[in-house]
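Let's take a walk through this model, starting with its pocket and then moving on to its aromatic rings. Keep the viewer open as you read.

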Amino acid sequence: MPDIIFSTIIRDLKAASKTKDHAFRYFTLATSNINGHPRLRTVVLREVDDQLNCMIYTDKRSKKINHISEQDIVSLLFFDPERFIQVVISARAMIITDDQTLRTIWKHIPQKSRKDYTTQLAPGKKVKNPTAVDYLEGKHFFSAIRLVPDKIEYLRLKRPNHLRVLFTKEHNDWNGTFLVP
């Protein structure tokens with residue numbers, strides 16, 4: 001049964017990266033700074049490969065880039081409120097620094113979405129008026145982050161018995177173990 005559950009996790013994550021209304025499309029990413037202070041934010045799942053490596057996009061001036069530079073272990077939280085399924089992934093975050101890879105991704109970002117990476121001020125900076133944010137022409141701060149999982153915990157809240165499974169990655173193979181919910 002763990003293999004079937006793992007297959008559904010793969011299917012859901014891949015579908016979420018391509019389907020805007022999938023419950024896993026928007027998920028919570030947790031990072032921490034060098035002092036261990038956590039920070040949570042909602043991000044968009046952009047890509048999932050066959051090894052379950054996930055990709056997100058961000059502004060290279062964001063706090064998450066600073067946090068990952070200091071501490072690259074992150075946590076991802078996905079929740080489907082209709083099926084009462086929670087998936088928590090522990091992963092190593094890798095900031096994509098290869099210019100060619102970033103240029104290739106940038107070419108596929110819709111024009112209207114590119115604006116998000118061209119603000120004159122960095123994300124989180126104070127502004128007097130939220131409708132008067134200045135944008136740059138011909139310059140952007142786009143970056144991408146690859147999330148490489150090593151542990152996945154699946155929880156399905158279902159009566160009469162909840163179901164919880166821990167998957168751990170060992171030498172590129174995933175092994176599942178049932179846990180007490």
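What follows is a short tour of a predicted model.

Start with the largest pocket, which holds about 870 Å³ of space. There are 31 residues lining this pocket, and the ones closest to its centre are Arg 46, Tyr 57, Thr 58, Asp 116 and Tyr 117. Strands E2 (38-44) and E4 (54-59) and helices H2 (63-70) and H4 (111-114) each give two or more residues to the lining, with E2 supplying the largest share at 5 residues. Sorted by class, the lining comes out as 13 charged, 11 nonpolar and 7 polar residues.

Tyr 57 is a handy bridge to the aromatic rings. Tyr 57 pairs with Phe 142 in an edge-to-face arrangement, 5.1 Å between centres and 70° between planes. Since Tyr 57 sits in strand E4 and Phe 142 in strand E7 (residues 142-156), the pair ties together parts 85 residues apart in sequence. Phe 142 has 1% relative accessibility, so it counts as buried. Both rings belong to one aromatic cluster, together with Trp 106 and Tyr 117.

Searching the whole structure turns up 8 aromatic pairs. One to look at is Phe 6 with Trp 174: the ring centres are 5.5 Å apart and the planes meet at 35°, so this pair is tilted. Phe 6 belongs to helix H1 (residues 2-18) and Trp 174 to strand E9 (residues 173-179), 168 residues apart. Both of these residues, Phe 6 and Trp 174, are buried.

Finally, check the charges over rings. Arg 61 lies over the face of Phe 141, 3.6 Å from the ring centre, while Lys 115 puts its charged end over the ring of Tyr 135, 4.4 Å from the centre.

Terms used
Residues numbered from 1 in each chain as written. Predicted model: local features only at pLDDT ≥ 70, side-chain atom pairs only at ≥ 80, totals over all residues. Heavy atoms only, no water. 1 Å grid on protein atoms, 1.4 Å probe; cavity = no way out; pocket = protein on both sides within 12 Å on 5 of 7 lines; lining within 4 Å. Points joined across faces, edges and corners; volume = space filled by probe spheres on them. Helix = DSSP H or I, 4+ residues; strand = E, 2+ residues; numbered from the N terminus. Nonpolar A, V, L, I, M, F, W, Y, C, P; charged D, E, K, R; others polar. Phe/Tyr/Trp six-rings, centres within 6.5 Å; stacked < 30°, edge-to-face > 60°. Buried < 20%, exposed > 50% of the residue type's maximum accessible area, 1.4 Å probe, protein only. Lys NZ or Arg CZ within 6 Å of the ring centre and 35° of its normal.
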